[in-house]
Amino acid sequence: MNLTHIKIYNDYDKMSAAAAELILDVVRTNPEAVLCFATGNTPVGTYRELVARAKESGTDFSRCFCIGLDEWLGVPGNKSGSCKYILQEQVFDPLAIKQTQVHLFDGLTTAVEAECEKMNTLIENKGGIDCMLVGIGTNGHIGFNEPGVDSRLKAHEQVLHDSTLDAGKHYFKEPTPIKKGITLGLAQVMQAKMLLLLANGVSKSAIIRKALEGEISPAVPASFIQQHTNAYVLLDKEAAAELTL
Ligand code: GLP
């Protein structure tokens, strides 16, 4: 991986501002860009900055297309912790992005394979994802691609690991049963024309070192980023603390 694309910032806010600027650049260069967004705690600041800076600069999001990285299976999109709810609240509503510009996994689907196929076909028909923003789980997952995942997979269903379920619980206001997720696959992460991986805080420092400096292996799904030809890794000082390169 091109090491110049690993950027370390003094704090979370600076990291978030830089990530927002990268996304804004993509949309300014190509107003019809296909964007893919993760949820979780990590990108909250990026979305806040994206919205503020888009408004300030008058960046036009009316022709872009947005895809969701993943979703909890069995959780309706109107529930506070669902990826749909979060993206709607943090990105789509504030940027006035219309429903016709968005495609997300339906967490309530009873036909998971068809749901995955719909997503795969849509991405292909759109000519691929121009910019994909992802976080990283403490076990090295990207989206819901858990350790051991087949890196050739596109959208698929995934039984979630305990650490993912533990972290996931905190996204919901009320107790919500979660067990499985539906996610874009590593094949689609690797095919994104530009990949932004964000991580902040001391809890991510060990996995960031493994992902960026360790062996490339399904045991650490995020390690495949080392083979991506246009990936940006944006870290705060704490998440970068164990890097040696
Ligand atoms: C979650 C999501 C991922 C997210 C990751 C990290 O389980 N499925 O899309 O990037 O874990 O979450 P956080 O940013 O809250 O640490």
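**Close-up 1. Glu115 and Lys118 form a salt bridge in a predicted model.** Their side chains meet at 3.8 Å, N to O. A salt bridge here is a side-chain nitrogen of Lys or Arg within 4 Å of a carboxyl oxygen of Asp or Glu. Both residues sit in helix H4 (residues 112-125). Because they are 3 residues apart there, about one helical turn separates them. Helices (H or I, at least four residues) and strands (E, at least two) are DSSP runs, numbered from the N terminus. Glu115 is buried, with a relative accessible area of 6%. Lys118 is partly exposed, at 47% relative accessibility. Buried means under 20% relative accessible area, exposed over 50%, and partly exposed in between (1.4 Å probe, protein chains only).

Close-up 2. Lys154 is partly exposed, with a relative accessible area of 31%. Glu124 is exposed, at 52%.

**Close-up 3. Lys79 forms a salt bridge with Glu174.** The closest N and O atoms are 3.9 Å apart. The pair links distant parts of the chain, 95 residues apart. Lys79 belongs to the loop between strand S4 (70-72) and helix H3 (83-92). Glu174 belongs to the loop between helix H5 (162-169) and strand S8 (180-183). At 39% relative accessibility, Glu174 counts as partly exposed.

**Close-up 4. Salt bridges link five residues in a network: Glu21, Asp25, Arg28, Glu49 and Arg53.** By the salt-bridge rule, the count comes to 15 salt bridges.

**Close-up 5. Gln227 lies in the loop between helix H7 (205-213) and strand S10 (231-236).** Gln227 is partly exposed, at 47% relative accessibility. Leaving aside neighbours within four places in sequence, Gln227 is in contact (heavy atoms within 4.5 Å) with Met190 and Ile216. From Gln227 to Lys14, the C-alpha to C-alpha distance is 26 Å. These two residues are 213 residues apart in sequence.

**Notes to all views.** Residues are numbered from 1 along each chain as its sequence is written, and side-chain values use heavy atoms, with hydrogens and water left out. In this predicted model, local features need pLDDT of at least 70 and side-chain atom pairs count only at pLDDT 80 or more, while totals for chains, interfaces and linings use all residues.
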